[in-house]
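Here is a friendly briefing to read alongside the model. Please keep the sequence and the 3D view open as you go through the points.

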Amino acid sequence: MHIWQSRWDEYMAYERITVVGNIGRLECKVSDKGQPYAKMTLAVNRTKGVAPIWYSVFLFGAYAKDFEKLKAIYRPGRVTLVEGRPQTEAYKTSDGKLAVDNSIVAISMPECLDAAPTTTR
């Protein structure tokens, strides 16, 4: 065994993704074990005129505790930056086509980059 191989085994793999896109929807849920979590969809437009790439963003633990606050901040259409661990899974749609599910497990609170929406009366 080479010396670099033994040192490489001592380190963990590291993977992170950062995306900026528009929020589609936000769902606040509770797991089977009673733990709160939130699922947000985020549309990332790479090129004008091309369909966006959709990501499912998951918030767990302290990031998902206050559902009302999450719903007030993360409204559909807001421009949001998300950092996290990517998860990609291939699956077959109901009509038999192959598709990809792009998910991100957030490692910090998503950051809204646009101005907060104002309430109208």
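This is a predicted model: local features need pLDDT of at least 70, side-chain atom pairs count only at pLDDT 80 or more; totals for chains, interfaces and linings use all residues.

Residues are numbered from 1 along each chain as its sequence is written, and side-chain values use heavy atoms, with hydrogens and water left out.

**Charged pairs**

- Glu-83 and Arg-16 meet through their side chains in a salt bridge, at 3.2 Å from N to O.
- Glu-83 sits in strand β4 (residues 79-92) and Arg-16 in the loop between α1 (3-8) and β1, so this pair ties together parts that are 67 residues apart in sequence. Helices (H or I, at least four residues) and strands (E, at least two) are DSSP runs, numbered from the N terminus.
- Both partners are partly exposed: Glu-83 has a relative accessible area of 24%, and Arg-16 has 43% relative accessibility. Here buried means under 20% relative accessible area, exposed means over 50%, and partly exposed is in between (1.4 Å probe, protein chains only).
- Glu-27 forms a salt bridge with Arg-25 at 3.3 Å, N to O, and another with Lys-29 at 3.7 Å, N to O.

- Thr-41 belongs to strand β2 and counts as buried at 8% relative accessibility.
- A polar atom of the Thr-41 side chain lies 2.9 Å from the backbone nitrogen of Arg-25.
- Setting aside neighbours within four places in sequence, Thr-41 is in contact (heavy atoms within 4.5 Å) with Asn-22, Ile-23, Gly-24, Arg-25, Trp-54 and Tyr-55.

**The nonpolar core**

- In soluble globular proteins, nonpolar side chains tend to be buried together.
- In this model the largest nonpolar core has 17 residues, and those with the most contacts inside it are Val-19, Met-40, Val-57, Leu-59 and Tyr-74. Such a core is a set of buried Ala, Val, Leu, Ile, Met, Phe, Trp, Tyr and Cys residues joined through side-chain atoms within 4.5 Å.
- Two or more residues of this core come from each of β1 (17-30), β2 (36-44), β3 (53-60) and β5 (98-106), and β2 gives the largest share, 4 residues.
- Leu-59 lies in strand β3 and is buried, with a relative accessible area of 1%.
- Beyond residues up to four places away in sequence, Leu-59 touches Tyr-37, Ala-38, Met-40, Ala-64, Leu-70, Ala-106, Ser-108 and Pro-110.
- The C-alpha atoms of Leu-59 and Cys-28 are separated by 9.3 Å, although these residues are 31 residues apart along the chain.
- Tyr-74, leaving aside neighbours within four places in sequence, is in contact with Ile-23, Leu-26, Met-40, Thr-80, Met-109, Pro-110 and Cys-112.

**Aromatic rings**

- The structure holds 2 aromatic pairs. Rings of Phe, Tyr and Trp (its six-membered ring) pair if their centres lie within 6.5 Å; planes under 30 degrees apart count as stacked, over 60 as edge-to-face and the rest as tilted.
- Phe-58 and Phe-60 have ring centres 6.2 Å apart and planes at 10°, so this pair is stacked.
- Phe-58 counts as buried at 18% relative accessibility, whereas Phe-60 counts as partly exposed at 41%.

**The chain as a whole**

- The protein chain has 2 helices and 6 strands, which run α-β-β-β-α-β-β-β from the N terminus on.
- Of its 121 residues, 26% are buried.
- Among contacts between residues at least 6 apart in sequence, 55% join residues at least 24 apart.
- The chain exposes about 9,000 Å², with carbon and sulfur atoms supplying 53% of it; accessible areas come from the Shrake-Rupley method with a 1.4 Å probe, and for residues only the protein chains shown count as cover.

Terms used: A salt bridge is a side-chain nitrogen of Lys or Arg within 4 Å of a carboxyl oxygen of Asp or Glu. A polar contact is a pair of N or O atoms within 3.5 Å; within protein, one must be able to donate a hydrogen and the other to accept it, and residues adjacent in sequence count only if both atoms are side-chain atoms.
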